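Here is a short report for a reader meeting this structure for the first time. Take a look at the sequence and the model before reading on.

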Amino acid sequence: MVMSEQQRWQLRVGRAYDGSGAPATRDVLVTIDGERIAEVRPATGEDVPHLPQATVLPGLLDLHVHLNMRGDGQPLESINSVSDGVLGLRSYAAASAYLRHGVTTVLDLGSRDTTVLDLGEALEEGTLVGPTVLASGPPVTRTGGHMWVMNGEADGADGVRRAVRERAKAGAAAIKLVATGGATRNSSWFQPAYTEEEMRAAVVEAHAIGLPVAAHCTNSEGTAMAVRAGVDLLVHAFLYDADGTYRFRPELAEAIAERGTWVNPTLYTVESRIQRARELSELRQLTASERAQLDADLRGLDERRDMTARLHAMGVPFVMGSDGGFTEVRHGTTAREAAALTAAGLSPVAALAAATGAAAGVLGRDDLGTLRAGARADLLLVGGDPGTDIDQLTNVVAVVKSGRLVHATDDARQVLDPHGVLRRW
């Protein structure tokens with residue numbers, strides 16, 4: 001982001017997590033110089049703004065959001081009823097919600113045309129205030145495939161290669177490849193959408209340009225094909241057979257682990273629907289179809305937790321992605337996905353790493369997701385210790401974006417900036 005002046009300031013906190021998955025360091029002093037972290041070291045009694053109960057960690061990264069959508073249960077096709085202008089404004093409001101909750105970088109994995117790519121450019125040049133917004137642009141999907149309404153259809157190896165080049169030309173930070181069907185009408189969750197040749201063509205082209213590939217995978221066959229094709233990130237990575245039966249496949253899990261392919265299991269998407277159904281049941285009796293959907297979601301959550309736990313035990317690396325905006329997932333609820341990962345067996349520290357250093361690794365960004373000298377000064381301060389209680393991620397005390405204090409509780413602002421001299425947006 002463009003900044004007109006440099007400013008050096010310091011803060012001292014009770015503990016820090018550096019984004020690597022290492023344990024917390026106690027009593028830490030962080031020095032910020034302009035947009036960058038100048039120094040991170042143990043405090044030695046310095047008389048600087050001090051929040052002894054707080055924890056500092058790198059600003060969170062959410063690698064799976066849909067800023068065009070509102071997380072209100074509306075079908076994907078609903079975006080066709082509004083203009084690009086409305087989608088742009090809606091996307092900005094959504095991005096702002098993430099920043100308030102300590103998510104300083106998001107990767108949008110599916111938006112119509114250039115609506116979110118344009119938003120990311122406006123934020124980067126300083127026209128608007130918000131998190132870093134990176135985007136894939138329209139997902140690369142077969143004709144009539146999942147998410148086709150975002151105008152990214154491509155067929156055949158040559159067509160897929162051209163689509164990847166077009167996304168790169170438009171400024172995409174990653175390629176979203178829709179490897180299987182999904183929730184879009186007339187597509188099947190349990191069937192691959194592309195041939196392995198088409199998937200490999202997309203991956204080879206993207207990697208030649210220097211872009212990672214995130215593949216939407218909701219069945220075992222499509223997931224296996226995407227892994228063999230060399231995708232970088234499996235979104236969902238559901239292990240369902242063609243008939244919709246959940247069956248964990250150890251040989252596929254071994255292949256994912258051996259290749260080091262990252263996985264974003266999107267557990268909170270199911271939890272959010274369950275939560276919404278239970279809230280509705282307190283107001284009125286659920287209809288038969290609503291009850292059936294709730295039962296299916298309860299089974300699905302158990303299956304996906306089992307999948308995540310077993311993948312984790314086999315050494316598969318995880319990254320944070322909330323699927324924010326889709327179905328019932330409200331924007332800014334990234335911390336709930338972190339909690340869902342811990343419920344599936346990851347330690348709180350591992351969940352923190354998934355939302356910081358590991359996520360930055362997918363993007364190839366060594367200036368994000370880390371607490372070290374030279375990194376971008378994107379920081380999240382929370383009131384307790386999320387390394388022992390992951391729910392502390394929702395206890396946001398302050399957010400620093402590119403060296404600027406963009407959000408703070410009244411008490412924290414009084415400590416960090418009692419005279420109102422720090423740069424604000």
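## Overall build

This is a predicted model. The chain has 425 residues, and 58% of them count as buried. Its secondary structure comes to 12 helices and 14 strands.

How far does the C-alpha trace span along its principal axes? The spans are about 65 × 45 × 45 Å. The radius of gyration is 21 Å. A compact globule with 425 residues would have a value near 22 Å, so the chain agrees with that expectation.

## Contacts and surface

Take the contacts in the chain with a separation of 6 or more: residues 24 or more positions apart account for 70% of them.

Three strands form an open sheet, in the order 5-6-7. Their pairing is parallel. Strand 5 (60-65) and strand 7 (132-135) are the edge strands, and each pairs on one side only. On average, neighbouring strands of this sheet are turned by 20 degrees against each other, direction ignored. Helix 1 (residues 84-100) packs on the sheet and touches strand 5, strand 6 and strand 7. The direction of helix 1 makes about 140 degrees with that of strand 6.

Strand 5 pairs with strand 6 (residues 103-108) over 4 bridges, in the parallel sense. Leu 61 stands opposite Thr 105 in strand 6. Val 65 has Asp 108 of strand 6 as its bridge partner. Is strand 5 enclosed or open to the outside? Here 6 of the 6 residues of strand 5 are buried, so this strand is largely enclosed by the rest of the structure.

## Nonpolar cores

In soluble globular proteins, nonpolar side chains tend to be buried together. The largest nonpolar core here has 75 residues. Those with the most contacts inside this core are Leu 57, Leu 67, Val 140, Met 199, Leu 234, Leu 380 and Leu 393. A second, separate core of 24 residues includes Leu 51, Ala 375, Ala 412 and Leu 416.

Definitions and conventions
Residues are numbered from 1 along each chain as its sequence is written. This is a predicted model: local features need pLDDT of at least 70, side-chain atom pairs count only at pLDDT 80 or more; totals for chains, interfaces and linings use all residues. Side-chain values use heavy atoms; hydrogens and water are left out. A nonpolar core is a set of buried Ala, Val, Leu, Ile, Met, Phe, Trp, Tyr and Cys residues joined through side-chain atoms within 4.5 Å. Buried means under 20% relative accessible area, exposed over 50%, partly exposed in between (1.4 Å probe, protein chains only). Two strands pair if DSSP finds at least two bridges between them. Helices (H or I, at least four residues) and strands (E, at least two) are DSSP runs, numbered from the N terminus. Axes are lines fitted to C-alpha atoms, for helices over the stretch in contact, and angles run from 0 to 180 degrees between N-to-C directions. Contact means heavy atoms within 4.5 Å. The radius of gyration is taken over C-alpha atoms; the globule rule is 2.2 Å times the number of residues to the power 0.38.
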